[in-house]
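Let's go through this structure together, asking at each step what stands behind the words used for it.

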Amino acid sequence: MAGVNGRSECQTGQPLTSGYQQTQTTKQPSFPHLPEIEVGVLGCILLDAPFCFGILEARGVTARHFYDLRYQGLFRLLLKMRKAGEPIDSTTFFLRAQEKGLAKTPEQRNLLLTLADHTPSAAHLEWYLPQLIEAHNRRLTLDVSRRLEKVALDASAPVGTLLADAQQA
């Protein structure tokens, strides 16, 4: 039985179906940033801060794990509220964000008011965290590789130092 262009399936690697057209889709890799995951983590904290902060601390999650600077600022604010012993709920969080200038625009206010609404439950933190951490680690890897490339292209850098730096990274 003939496959694509008179060739067998073994030769083409394509199924022997009528009307089969080869379509090649090349998906460009995207930058490792997941805004919905970052929002989900913040929402989980607002739903149950003691539960979430215990897990976040155990996993070593910091504000640097958030790519979006807005979410970094909100995470830092939640950390400060926790350290000060303030209650962490949507209303108190909104008021503190306003005091810190994090709720100036209608978009910012809407984000703050709907963070918890976008999160099914605090227990979903266990689902969000691996993705947040993976995206953070991928961004770190990209950063290190860019730095190594700059150093490697510097003709004045000794080769032995380059290799040692690459191994330490």
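Q: How many helices and how many strands are there in the protein chain?
A: The model, which is a predicted one, has eight helices and zero strands in the protein chain. Read from the N terminus on, the elements run α-α-α-α-α-α-α-α. Of the 169 residues, 31% count as buried. Among contacts with a separation of 6 or more, 63% come from residues 24 or more positions apart.

Q: What makes H3 roughly perpendicular to H4?
A: Helix H3 covers residues 49–59 and helix H4 residues 69–83, and the two pack at an angle of about 110 degrees with their axes 12 Å apart. Angles of 65 to 115 degrees count as roughly perpendicular, so H3 is roughly perpendicular to H4. Their crossing is left-handed.

Q: Which residues of H3 and H4 meet?
A: From H3 come Phe53, Leu56 and Glu57, and they meet Phe75, Leu78, Leu79 and Arg82 of H4. Sorted by class, this contact of H3 with H4 has five nonpolar, no polar and two charged residues.

Q: Why is H2 called roughly parallel to H4?
A: H2 and H4 pack at an angle of about 15 degrees, and their axes are 11 Å apart. The cut-off for roughly parallel is under 35 degrees, so H2 counts as roughly parallel to H4. The crossing of H2 and H4 is left-handed. On the H2 side, the contact is made by Pro35, Glu38, Val39, Leu42, Ile45 and Leu46, and on the H4 side by Tyr71, Leu74, Phe75 and Leu78. By class, that gives nine nonpolar, no polar and one charged residues.

Q: Which residues of H4 are buried, and what covers them?
A: In H4, the buried residues are Tyr71, Gln72, Gly73, Leu74, Phe75, Leu77, Leu78 and Met81. The cover over the buried residues of H4 includes helix H2 (35–47), H3, helix H5 (90–99) and helix H6 (106–114).

Q: How do you know that the reach of H4 is close to the one expected?
A: H4 has 15 residues, and from its first C-alpha to its last it reaches 21 Å. At 1.5 Å a residue, 21 Å is expected, so the reach of H4 is close to that value. After H4 comes Gly85, with a positive phi near 75 degrees.

Q: Why does Gln98 count as partly exposed?
A: Gln98, which lies in helix H5, has 39% relative accessibility. Buried means under 20% and exposed over 50%, so Gln98 falls in between and is partly exposed.

Q: Which residues is Gln98 in contact with, leaving aside its neighbours within four places in sequence?
A: With those neighbours left aside, Gln98 is in contact with Ala103 and Arg109. As for Leu112, Gln98 is 14 residues from it in sequence and 9.7 Å from it in space, C-alpha to C-alpha.

Technical notes:
Residues numbered from 1 in each chain as written. Predicted model: local features only at pLDDT ≥ 70, side-chain atom pairs only at ≥ 80, totals over all residues. Heavy atoms only, no water. Axes fitted to C-alpha atoms, helices over the stretch in contact; angles between N-to-C directions. Helix = DSSP H or I, 4+ residues; strand = E, 2+ residues; numbered from the N terminus. Parallel < 35°, antiparallel > 145°, perpendicular 65-115°, else oblique. Left-handed = near helix turned anticlockwise from the far one by under 90°. Contact = heavy atoms within 4.5 Å. Nonpolar A, V, L, I, M, F, W, Y, C, P; charged D, E, K, R; others polar. Buried < 20%, exposed > 50% of the residue type's maximum accessible area, 1.4 Å probe, protein only.
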